[in-house]
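Have a look at the structure first, then read on.

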Amino acid sequence: MIPFKPYWFQKTVIILLALVLSACSAVQSQIPSRLVIPTPSGPATFNPPMSQSAYNVFGYLYDPLIQEDPVTGELIPKSGLAESWEISQDKQKIIITLKDGLKWSDGEPFTVDDIIFTYNEIYLNDKIPTSFKDILRVGKSRTFPTVKKLDNRRVEFAVAEPFAPFLQYVAGLTILPAHILKPSINETDAQGNPKFLTTWGTDTNPQEIVGNGQYRIQSYAPYQRVILQRNPYYWRKDKQGNPQPYIEQIVWQIIESTDTQLLNFRSGSLDNLQIQPEAFPLLKPEEERGKFTIFNAGPDMGTVFMAFNLNQGKNAQGKPFVDPIKSKWFNNQAFRQAVYYAINRDVMKNNLYLGLGELQFSPIPVQSPFYLSPKEGLRTFLYDPEQAKKLLINAGFKYNNQGKLTDSEGNLVRFTLLTSAGKKIREQMGTQINQDLAKIGIQVDLLFLSFNTLVERLSSSRNWDTYLGGFTGGGIEPHGGYNIWSVTGRLHTFNQGPQPGEPEIKGWQVSDWEKEIDDLFVKASQEFDPKKRKELYGKAQKIITEQVPLLYMVNPLSFEAIRDRIQGIQFTPLGGGFWNLYELKIAE
């Protein structure tokens, strides 16, 4: 029997239910559209010129003057902060006209004065160590561009010598707010360095950081997440005049372990995932049920390599950065080549990458027209442990009764290999290198560090033997890697010289082959004929592979999984899934 309820009770229930549903609807409407993206490392700084990490939020906070086409890599008119640009006939001057009415994320006007400030007082400032400086040096004289204000919307860049990637780098570098940062340039610390060097660190109130891009920082919880909120002053609008981007929030979730990232994505708490090779067979069958799509970007444009520390300098206390015994090994070309021969990269490709990639031989990506292939004469070091032993013996190394390798003075050959913790495939690569080199009598001690700790160890203390790391792809233009191959470059980590603000390094030496690579990159940057540029970059690639300061490993296929609820995805190998973030929407 159904119990009788009086009318007043039924009416009360209906009213209460309506109130609950209304409240739920109100709460639901208050939840912002949100994109949750994982990162293996948190930001090391919120100061773009001081950052050396690939893991940063700057792409959300800043727009370039001109954006690249996500398919061709060419620059697109009216795609960024610039309304237009003009190039002089001799290609040594560029006039850029800004869009009208641009603003910073705090509402202040964005003008040519900000461009002048960023270049003259930051990028070209001798007291500020930034890798951007390396790629702006022009010609044999290594001079910088001059930057001149024409009016509040027009700026002129000029170079004294021809510079083929001139427009590309002028177009892409981050512009910073003069009204916020100028005092930090003029004020100095106790050592006489600009306070800018320590400005906008991760201890800064995130809401004080000002950009010109689609988002601004709402909050930062170290080792947890960065929350980005839509910039209300962003310039872009759709055809109907509605402000873009449409997505209100981006959560940059810090998850060091790739295994944990995978678990979070499969549970539905992440909206995208850069897929590690071992995860591909697990995720591919789940696409339809999990309501996501896996996109194949083709060969990754970055590099993964093992590097030797060739630095023969000493720290401020007079102690060598590298044990002199080990330094002698590392600076022996035959030793470096022997180590390369001893690493079985085919096993690495097939077992660790599940065959989803190819062996890598060059710092320039295969997609670039300037890539030199093995068929065109690039040397390869395919697995050959007997050749490795032969090279070592000819170089004066010996084997003791236990089969351990010793140098000519009887020192056991043993060194430490650093790599970042949490990235499973990188840890597995380190383990394989340890096992492969043990077969030729070399003991490798593995040390896994957090990413930011690893970067600090490599670039500041310089106290390391070898490391397993990588550089993200800089596109098809090779000059983007000049900060690696310039002998004074910020990313010339295998023989890092003194940087601006640092004292002279006693005992630091630069080899002839390093200088030659540097010169070839400079000459190629001045050459406008594509065939001649390819010849110059080809010579540089040959020297790099012969001298092997970096031992390139495997070039994996790049896969990205993106939730189907994100509408408007137009995936391209160069642009990825979020190149058009401003027009993406989330279907609830």
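This is a predicted model: local features need pLDDT of at least 70, side-chain atom pairs count only at pLDDT 80 or more; totals for chains, interfaces and linings use all residues.

**Notes on packing**

1. Cover for the buried residues of α15 comes from, among others, strands β15 (414-420), β16 (443-449) and β17 (466-471).

2. Which residues of α15 are buried? In this helix, spanning residues 451-461, they are Leu454, Val455, Leu458 and Ser459. Looking down the axis of α15, the buried residues fall within an arc of 105°, so they line one face of the helix.

3. The largest nonpolar core counts 140 residues, and the ones with the most contacts inside it are Ile115, Tyr119, Met306, Phe335, Leu437, Ile442 and Met553. Helix α3 (residues 112-123) is the top contributor to this core, giving 7 residues. Apart from this core lies another one of 17 residues, including Ile227, Phe265, Ala279 and Leu283.

4. Ile442 deserves a click. What does Ile442 touch, leaving aside neighbours within four places in sequence? The contacts are Phe335, Val339, Leu405, Val413, Phe415 and Leu437. Two of these names come back in a ring cluster: ring pairs link Phe335 and Phe415 with Phe308, Trp329, Phe330 and Phe397.

5. On aromatics in general, the count comes to 31 pairs. Take Tyr60 and Tyr215: the ring centres are 6.5 Å apart and the planes are at 85°, so this pair is edge-to-face. It ties together distant parts of the chain, with Tyr60 in helix α2 (residues 58-61) and Tyr215 in strand β6 (residues 215-221), 155 residues apart.

6. How are the rings of Trp485 and Phe494 arranged? This pair is tilted, with 5.8 Å centre to centre and 50° between the planes. Trp485 is buried at 3% relative accessibility, and Phe494 is buried as well, with a relative accessible area of 1%.

7. Finally, two arginines sit over rings. Arg236 lies over the face of Tyr582, 3.8 Å from the ring centre. The charged end of Arg563 is over the ring of Phe265, at 4.0 Å from its centre. Phe265 is also one of the residues in the 17-residue core from point 3.

How values were computed: Residues are numbered from 1 along each chain as its sequence is written. Side-chain values use heavy atoms; hydrogens and water are left out. Buried means under 20% relative accessible area, exposed over 50%, partly exposed in between (1.4 Å probe, protein chains only). Helices (H or I, at least four residues) and strands (E, at least two) are DSSP runs, numbered from the N terminus. The arc is that of the directions from the helix axis to the C-beta atoms. Contact means heavy atoms within 4.5 Å. Rings of Phe, Tyr and Trp (its six-membered ring) pair if their centres lie within 6.5 Å; planes under 30 degrees apart count as stacked, over 60 as edge-to-face and the rest as tilted. A charge sits over a ring if NZ of Lys or CZ of Arg is within 6 Å of the ring centre and within 35 degrees of the ring normal. A nonpolar core is a set of buried Ala, Val, Leu, Ile, Met, Phe, Trp, Tyr and Cys residues joined through side-chain atoms within 4.5 Å.
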